[in-house]
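Me: I have a model on screen and want to learn how to read it. Can you take me through its features?

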Amino acid sequence: QLIEAVRRAAPDLAVRCAQDAASALALARDLAGPDGAVLVAGSLFLAGEAREALCGERADPHPISDPLP
């Protein structure tokens, strides 16, 4: 639903979708190329997933779940 809303709001913007944070980071890094940059923005949960994917280590050794459904 979000991707369709973005496409309607900005039809000239290239929009990609990935199944999870690690896949999204891999896609973004490929699209950015060797001299490009990738910005990860979102929740602390997303930042933790990105850290794990990029650094190979868990951000917090005590996993928790999102308190909001």
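Reply: Start with the largest pocket. It is lined by 21 residues, with Leu2, Arg16, Cys17, Ala18 and Ala24 nearest its centre. The elements giving two or more residues to that lining are α1, α2 and α3 (44-55). Helices here are DSSP runs (H or I, at least four residues), numbered from the N terminus. The model is predicted: local features need pLDDT of at least 70, side-chain atom pairs count only at pLDDT 80 or more, and totals for chains, interfaces and linings use all residues. Residues are numbered from 1 along each chain as its sequence is written, and side-chain values use heavy atoms, without hydrogens or water.

Me: Which element gives the most to the lining of the largest pocket?

Reply: α2 does, with six residues.

Me: How do I read a salt bridge?

Reply: Side chains of opposite charge can pair when their charged atoms come close. The cut-off is a side-chain nitrogen of Lys or Arg within 4 Å of a carboxyl oxygen of Asp or Glu. The whole structure has one salt bridge. Glu4 pairs with Arg7, their closest N and O atoms 3.5 Å apart.

Me: Why are Glu4 and Arg7 separated by about one helical turn?

Reply: An α-helix has 3.6 residues a turn, so residues three or four places apart point the same way. Glu4 and Arg7 are about one turn apart because they sit three residues apart in helix α1 (residues 2-9).

How values were computed:
On a 1 Å grid over the protein atoms alone, a cavity is a set of points where a 1.4 Å probe fits but cannot get out, and a pocket is an open set with protein on both sides within 12 Å along at least five of seven lines; lining residues have an atom within 4 Å of a point.
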